[in-house]
Amino acid sequence: MDNNTLINRDLSVLWHPCTQMKDHEWLPLIPIKRGYGVWLEDFEGHRYLDAISSWWVNLFGHTNPRITGRINEQLNTLEHVILAGFSHEPAIALAEQLVDITPSGLSRCFFADNGSSAVEVAMKMSFHYWRNRGKKDKSRFVTLANSYHGETLGALAIGDVALYKETYQPLLMEVITAPSPDCYLREDGESCAEVAQRAIEEMENILAAQADSICAVIVEPLVQCAGAMRMYDPLYLKLLRQACDHYGVHLIADEIAVGFGRTGSLFACEQADISPDFMCLSKGLTSGYLPLSATLTRDEIYQAFYDEYENLTAFLHSHSFTGNPLGCSAALATLDIFRTDDVIGANRKLARKMARCTESLKDHPHVAEVRQTGMILAIELVQDKTRRTPYPWQERRGLRVYQHGLENGVLLRPLGNVVYFMPPYVISEEEIELMARVAIEGIEKATRG
Ligand SMILES: Cc1ncc(COP(=O)(O)O)c(C=O)c1O
């Protein structure tokens, strides 16, 4: 088997996600034969360092023996069983452990099989909770500008990235959009905490005026990942928790991308010392092995659904693969690694190394900002540094960095003109040096002329 044969077969039958397929007339598709550690290898022996953890899912490297072993054991016992009316040990153990490690008060775990579905579960539960409590006017959601929560219609509606959303607008429910506390938007001399303060004032105005019709506010704690890795101060989450409590509105923390250590703590909410009413988890939950997601919530919310059947208050939501035992085993192996190894401590060192390796970019004439939260580092490319004028999107500068990366053995996948690193935690210091060197060369090339 060689790359070209597979590319031809692929392009005659597959339709790839988030891709203008015509690009593949000139942009090579890369069939991967195997993965190990941070590396992906194609059919001609070319290696690519997976600097984006394969869409932010991989935590402990590809084909990690500890996770593979656990899934193999489970595979010989039970591959899948319906989770309505039936149960299994991996789902029970995983729910117990998630309740244990997530912020206090989250005591119930509802499984689904991807991030968007976890968000939809939280939205439906919040809306349904208020109905069950007799508050039938509460039917709207508040989101932050530049947020992203997935692609299914409900999750897309509650996000705010125009590129993914605009075309489908006629299909989407209306949401209320509050300003983002994004620190890139700071004015001269303003701190990230001050931006957060400014943004929360607007949020409070919305809640003060409309709380009677609002179910919940949804946020991506600390980093708006798909929104070009924009970052904000934990103070915002603290103030938002207070505002939601004050106005009687739920807080949904979408930690699908930032959970499991990405931001420097196990969950990003910990940095603000808050507990949400709903927490959505996926991606790193299984170390990127299998599709699984979880929505955690409080007992008080669970109790609002707990009633005689005839009262029709039950949460009748399901997915065929809800709580799949193989996914749960991968998640249990993932949590074992967090328990036995000092992952967060080791990541601190790796995060410092990423910062050191990109320090020189701060003075680059086309780099507006190098920002970092834990194991996520992002480099914002601009046409004009002083005015922060973005490059016209049509120029696809980020794509040039992507191409340079592939030619030099690093999988970088810039979001527009933002180049970022979100590598698996098993990356070595030498591999960080390589990743940064190739990214810097790519940035040089992409910003020339
Ligand atoms: C914050 C956030 N929420 C939800 C999702 C959607 O998850 P999935 O792609 O598994 O549906 C993503 C995916 O990138 C995400 O980053």
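Q: Why are α13 and α14 called oblique to each other?
A: In this predicted model, helix α13 (residues 397–407) and helix α14 (residues 429–447) pack at an angle of about 135 degrees. Angles over 145 degrees count as roughly antiparallel and 65 to 115 as roughly perpendicular, with the rest as oblique; α13 and α14 are therefore oblique to each other. Their axes are 8 Å apart, and α13 passes α14 in a right-handed crossing.

Q: What makes the contact between α13 and α14, and which classes of residue are in it?
A: From α13 come Arg397, Arg400, Val401, His404 and Gly405. They meet Val438, Ala439, Glu441, Gly442, Ile443, Lys445, Ala446 and Thr447 in α14. By class, the residues of this contact divide into 5 nonpolar, 4 polar and 4 charged.

Q: How do α3 and α11 cross, and what makes their contact?
A: The axes of helix α3 (residues 65–75) and helix α11 (residues 325–340) cross at roughly 145 degrees and come within 8 Å. The crossing in which α3 passes α11 is right-handed. On the α3 side the contact is made by Arg66, Ile67, Arg70, Ile71, Gln74 and Leu75. On the α11 side, the residues include Pro325, Leu326, Ser329 and Ile337. The contact of α3 with α11 has 9 nonpolar, 3 polar and 2 charged residues.

Q: How do you know which residues belong to domain 1 and which to domain 2?
A: The domain assignment of the protein gives 31–63 + 342–447 as domain 1 and 68–340 as domain 2. Taken over C-alpha atoms, the centres of the two domains are separated by 27 Å.

Q: What makes up the side of domain 1 that touches domain 2?
A: In all, 27 residues of domain 1 are in contact with 24 residues of domain 2. At least two residues each are supplied to this side of domain 1 by α2 (53–56), α12 (343–357), β13 (367–373), β14 (376–381) and β16 (418–421). The largest share, 5 residues, comes from α12. This side of domain 1 divides into 15 nonpolar, 8 polar and 4 charged residues.

Q: What makes up the shell around the ligand?
A: The ligand is surrounded by 14 residues, and the closest are Gly115, Ser116, Gly150, Ile256 and Ala257. Helix α5 (residues 115–132) gives the most to this shell, with 3 residues. The shell divides into 6 nonpolar, 6 polar and 2 charged residues.

Terms used: Residues numbered from 1 in each chain as written. Predicted model: local features only at pLDDT ≥ 70, side-chain atom pairs only at ≥ 80, totals over all residues. Near = placed C-beta within 6 Å. Helix = DSSP H or I, 4+ residues; strand = E, 2+ residues; numbered from the N terminus. Nonpolar A, V, L, I, M, F, W, Y, C, P; charged D, E, K, R; others polar. Axes fitted to C-alpha atoms, helices over the stretch in contact; angles between N-to-C directions. Parallel < 35°, antiparallel > 145°, perpendicular 65-115°, else oblique. Left-handed = near helix turned anticlockwise from the far one by under 90°. Contact = placed C-beta atoms within 7 Å. Domains from an automatic or database assignment.
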